[in-house]
There are 2 protein chains.
Amino acid sequence: MAVYTDVPETELAEFLAAYDLGQLLSYKGIAEGVENSNFLLRTGGGTFILTLYEKRVNRDDLPFFLGLMQHLAEHGLSCPLPIQRKDGEALGELAGRPAAVFTFLEGMGARRPTASHCRAVGAAMARLHAIGDGFSMRRANALSIDDWRPLFESCPPKVDTVEEGLSNEIAGELSALERDWPRDLPSGVIHADLFTDNVFFLAGDLSGIIDFYFACNDLLAYDLAIGVCAWCFEADGSFNITKSQSLLRGYQSVRPLEPREIEAFPVLCRGASMRFLLTRLYDWLTVPDDSFVTKKDPKEYLRKLRFHAQVSGPAEYGFAIEGDPA
Amino acid sequence: MAVYTDVPETELAEFLAAYDLGQLLSYKGIAEGVENSNFLLRTGGGTFILTLYEKRVNRDDLPFFLGLMQHLAEHGLSCPLPIQRKDGEALGELAGRPAAVFTFLEGMGARRPTASHCRAVGAAMARLHAIGDGFSMRRANALSIDDWRPLFESCPPKVDTVEEGLSNEIAGELSALERDWPRDLPSGVIHADLFTDNVFFLAGDLSGIIDFYFACNDLLAYDLAIGVCAWCFEADGSFNITKSQSLLRGYQSVRPLEPREIEAFPVLCRGASMRFLLTRLYDWLTVPDDSFVTKKDPKEYLRKLRFHAQVSGPAEYGFAIEGDPA
């Protein structure tokens, strides 16, 4: 849930005067997005999402995010399209914050994803990677493998209160990841946060992808590893290879992976688990309990990390072996 | 802000199957209402508000609230109309809670009300009172004058931490109110919570009234006193007689007050201030600081109470004297 900023109607009407959206009819703060304030906006021109960027988002990154959404939407990926103002800009200022208006996407997150959802998500991610190839701007991943150790070291010295021995376990895993991380795989624009609440479905079909505020340039197969971590574990922590196979097949139906990407997949999954373990751990130990931010359990990703660390090879994710009619 | 209950899509789709609203397209928790969980719902049939009643609302009162909204809407007052299910019922159950679907009202609360807003609010309240006259159900006011002293006595014994001497001041005021309260004024259905966030405006015109979950049977002029308390004080605590006069004139343009209602108006305003002072005080002293409920400052209504207690007569609210062309 996230509505941080109160927006007076007069300021909003003034902000909207720069757009061709007709008369302001209503706006309501919605419980969507964690980093920003979002409003459902209704005007004479239709229904839109208004986003105010709070301080956790770097202003310098906004042209990349908005440009990417525009590029993806214009090339056929269903995602929020930033509405251009009369002067051609997509970014304005409202209540002292950068702000933008987007098309509204119908659909809902799949709270209990099936293998069919996973296949659709894999295919959409591959389309995102393919279309992203033509996007000219670049943004380094601020949470890449090079950032994990500094992030770990910035955690308050109470990591072991989460679980005894956790500090040592993370330090050992980081060393293994730094040693084994593949550096020469195909790279490009990745979503980097394609969790279940960021993919909408309508009547069983994928209707759109939202929340591009972690998008960056990094290894394409690492995005896929994040997807497998987010979509293919059950609530009880068990790994569902049927879902994983569906997600990977969906992806490869659009963009077949290279053998070296498949080979590296287990370590990419370990890395993806480490990245979310560390950000959740940091928030767990630093965000006050009475904050409005709902803190996510770091142990969920610790368990996923342990699963990926003991995997014997890519076949355990459901990758087709030679001759399998995938 | 209030979204307390998470609603899985499958449960919502099942709930909506009892309605003729078409396919579920999307739903988003909105930051509206304090007592309940509200969602903006889009279906093939249009845009609606879905309300789940949380435990602060008594289930036995729901037929009164929903029946009243239906009665008012059908008689031309712009308020949310409960959508009937195929079986004719307005109330269903979702996620273990009573739940209902309402028409969506365009418009926005006036964050900086003007005299013109106040006049429109007065007129709409009088229409509500007039239309409510034909509504057959009854609900006693659970926060009437008879409830104030028990509510005060149920506050934790730290009232004076809010302000020194506050206990004695409230006890004295309660005695005065119990002595002077008018018992024989015209009564009927009142909104009882017509604050600025419960009245929507569109292009300067009043477009609707929401949040009927304090509605009850009580003195009509007491509702007007609540309105004057809510709309006619400035942010610095000063009373704005221009706004008060506009609100009263708007009301009387539809339903002229009787002389005894005007005579009693100062004591009704003292009572209205006491009612909100006491509920805010109780919440202030009992709701934990880390709760998601935003606690409102009881002192705002203490200051209003003191204003009304020193008023010399109805003229100070801007009531027209004989011969004034109001």
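Reply: Two strands pair if DSSP finds at least two bridges between them. Keep that rule in mind while looking at this model, which is predicted.

Me: Which residue of β8(B) is the bridge partner of B:Met108?

Reply: The partner of B:Met108 in β8(B) is B:Phe201. Beside that bridge, B:Gly109 has B:Phe200 as its partner in β8(B). With two bridges, β6(B) and β8(B), the latter spanning residues 199-202, pair in the antiparallel sense.

Me: How many bridges join β8(B) to β9(B)?

Reply: Four bridges join β8(B) to β9(B), and the two strands run antiparallel.

Me: What is the order of the strands in the open sheet of chain A?

Reply: Chain A has an open sheet of three strands in the order β6-β8-β9, with antiparallel pairing. Its edges are β6 and β9 (205-209) of chain A, each with a single partner strand, so one side of each has no neighbour in the sheet. β8(A) pairs with β9(A) over four bridges in the antiparallel sense, and A:Phe201 has A:Leu206 as its bridge partner in β9(A).

Me: What rotation superposes chain A on chain B?

Reply: A rotation of 180° does so, with 0.1 Å of shift along its axis and an RMSD of 0.0 Å. The two copies are therefore related as by a two-fold rotation axis. The same surface serves both copies, since 100% of the contact residues of chain A recur in chain B.

Me: How many residues of chain A are in contact with chain B?

Reply: To read an interface, take contact as heavy atoms within 4.5 Å. By that rule 33 residues of chain A are in contact with 33 residues of chain B. The area buried between the two chains is about 3000 Å², and carbon and sulfur atoms give 55% of it.

Me: How many salt bridges are counted between chain A and chain B?

Reply: The count between chain A and chain B is four. A:Glu106 forms a salt bridge with B:Arg42, and their closest N and O atoms are 2.8 Å apart.

Me: Which elements of chain A give two or more residues to the side that touches chain B?

Reply: Among them are α1 (9-16), β2 (36-43), β3 (46-53) and β8 (199-202) of chain A. β1(A) gives the largest share, six residues. By class, the side of chain A that touches chain B has 17 nonpolar, seven polar and nine charged residues.

Me: Which side chain meets that of A:Glu163 in a salt bridge?

Reply: A:Arg306 meets A:Glu163, at 2.8 Å from N to O. A:Glu163 lies in the loop between α4 (145-153) and α5 (166-180) of chain A, and A:Arg306 lies in helix α10 (residues 298-309) of chain A, so the pair ties together parts that are 143 residues apart in sequence. Over all chains the count of salt bridges comes to 38.

Terms used
Residues are numbered from 1 along each chain as its sequence is written. Chains are lettered from A and ligands numbered from 1 in the order in which they are written. This is a predicted model: local features need pLDDT of at least 70, side-chain atom pairs count only at pLDDT 80 or more; totals for chains, interfaces and linings use all residues. Side-chain values use heavy atoms; hydrogens and water are left out. Copies are superposed by least squares on the C-alpha atoms of residues with pLDDT of at least 70 in both. Buried area is the accessible area (1.4 Å probe) that two parts lose on being put together, summed over both. Ala, Val, Leu, Ile, Met, Phe, Trp, Tyr, Cys and Pro count as nonpolar, Asp, Glu, Lys and Arg as charged, and the others, Gly among them, as polar.
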